[in-house]
Amino acid sequence: SFFFSSRRRHTRFLPVSWARRCVQETGINAEYMRKNLGILEWVSNTQPLKEIVDKELTDKQAQSGTSSSQSIQSQIQNKRLEWLKQKGKTNDDISTLHLNLFQVPDKDVLERFRNDQAMYPADVLKKALQGLASSCEAFIYLRNNFIRNYAVICISGYLLGIGDRHLENFLVNISSGEIISIDFGYSFGAGLRLTIPELMPFRLTQIFEHLMMPLGIQGIFRNTMLYAMSALRDKKEVILDCLQVFVKDPLLDWIKAARSKTSQSSQRLIQLSGSDFNMNLSNSGGAFDEVVWYPKTKVQFVEHKLCGTKPSTVMIYELSESKHYKQRYFQKIKSVLVGSENAPRNLIKGNVLSVTDQVDFLIDQARDPYILGRTWIGWSPFA
């Protein structure tokens with residue numbers, strides 16, 4: 001709720017130059033009634049992003065005269081599922097089929113992913129926003145608002161480890177173009193611990209990239225991300241102080257997880273901890289607490305991100321306390337996170353990065369076809 005509570009509260013600690021650039025994240029208020037019950041603010045004048053995109057796809061399909069009763073997305077998913085079965089075993093469940101992709105050659109993963117992308121209209125989001133605009137000027141206004149807003153969502157989402165960013169988890173204000181992120185059930189790196197780990201820091205798929213044309217990612221989107229990351233890193237003490245509430249009063253799920261993992265994951269993190277990635281899991285008195293260590297890891301991962309630790313390093317350490325750590329495919333996961341030999345992020349040296357290098361690393365990781373090509377089919381990485 002710290003990042004996503006309200007616009008006024010979000011900008012209270014940000015510099016004036018930041019506010020003047022109108023690079024703000026639209027948020028929603030939450031009223032807490034009990035520990036397990038609350039009411040979210042009703043966000044008026046918005047539609048789910050998936051609903052907007054699906055309507056445009058349906059209209060495009062009708063205009064083309066396509067007679068297929070299946071949606072474009074269903075056609076892609078069916079073809080992809082067939083391919084997954086070819087690469088796996090007949091009796092494998094869908095989760096196993098996805099995990100098998102970490103043993104499939106990169107060139108095969110890339111070829112299938114590019115075929116999936118080619119079937120999906122890259123301009124669908126752009127066309128959808130054009131449909132909401134009354135003029136060319138209005139479209140530019142909506143698009144720029146969308147891009148700036150989304151850039152801040154991507155940065156704050158990475159810092160807080162917000163996962164499960166499929167198209168249904170975004171709302172779009174149809175008047176202003178502002179985008180709102182919803183459903184934070186997978187936070188603080190929980191997406192990495194899913195059966196199919198989410199290895200992308202945020203969603204940056206082809207429909208988002210096409211919307212940014214002709215300047216592309218290097219225009220408003222990247223510049224806004226740089227401003228956002230710089231502002232948040234400058235105020236990291238404020239953010240970390242706010243996050244201490246999760247250590248003092250942990251979530252019930254975290255308490256349960258802490259007690260079940262104490263003997264394994266905590267010791268592993270301590271052993272892996274070194275000069276380039278320090279983890280202090282003791283309580284204020286220096287003793288080890290079977291509950292406190294777990295929320296402390298979550299906050300310390302956020303701290304490493306705010307200090308500029310290389311994203312792949314943070315994610316690898318986060319994965320070390322997941323069920324994937326001891327699996328035979330874990331080394332491939334590490335390799336994919338680091339990036340191929342020719343990946344732009346592989347040219348970024350050092351383990352503590354500047355704001356510019358950190359943002360460029362994240363952008364490259366989010367677009368990586370070797371990551372997106374191994375992502376859960378329901379996340380629609382081709383869209």
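Visitor: Before we start, what counts as a helix or a strand here?
Guide: Helices (H or I, at least four residues) and strands (E, at least two) are DSSP runs, numbered from the N terminus. This is a predicted model, where local features need pLDDT of at least 70, side-chain atom pairs count only at pLDDT 80 or more, and totals for chains, interfaces and linings use all residues. Residues are numbered from 1 along each chain as its sequence is written, and side-chain values use heavy atoms, with hydrogens and water left out.

Visitor: Okay, where's Asp-364?
Guide: Asp-364 sits in helix α17, residues 355-367.

Visitor: Is Asp-364 buried or exposed?
Guide: Buried, with a relative accessible area of 14%. Buried means under 20% relative accessible area, exposed over 50%, and partly exposed in between (1.4 Å probe, protein chains only).

Visitor: And what is Asp-364 in contact with?
Guide: Ala-343, Pro-344 and Arg-345, leaving aside neighbours within four places in sequence. Contact means heavy atoms within 4.5 Å.

Visitor: New topic: which peptide bond is cis?
Guide: The one from Met-213 to Pro-214 is cis, with omega near 10°. Pro-214 lies in the loop between α9 (206-211) and α10 (220-234).

Visitor: What about phi at Phe-188?
Guide: Phe-188 isn't a glycine, yet its phi is positive, about 55°. Phe-188 is in the loop between β5 (179-181) and α9, and it's buried at 9% relative accessibility.

Visitor: Why do you point those two out?
Guide: Because most residues other than glycine have a negative phi, and most peptide bonds are trans.
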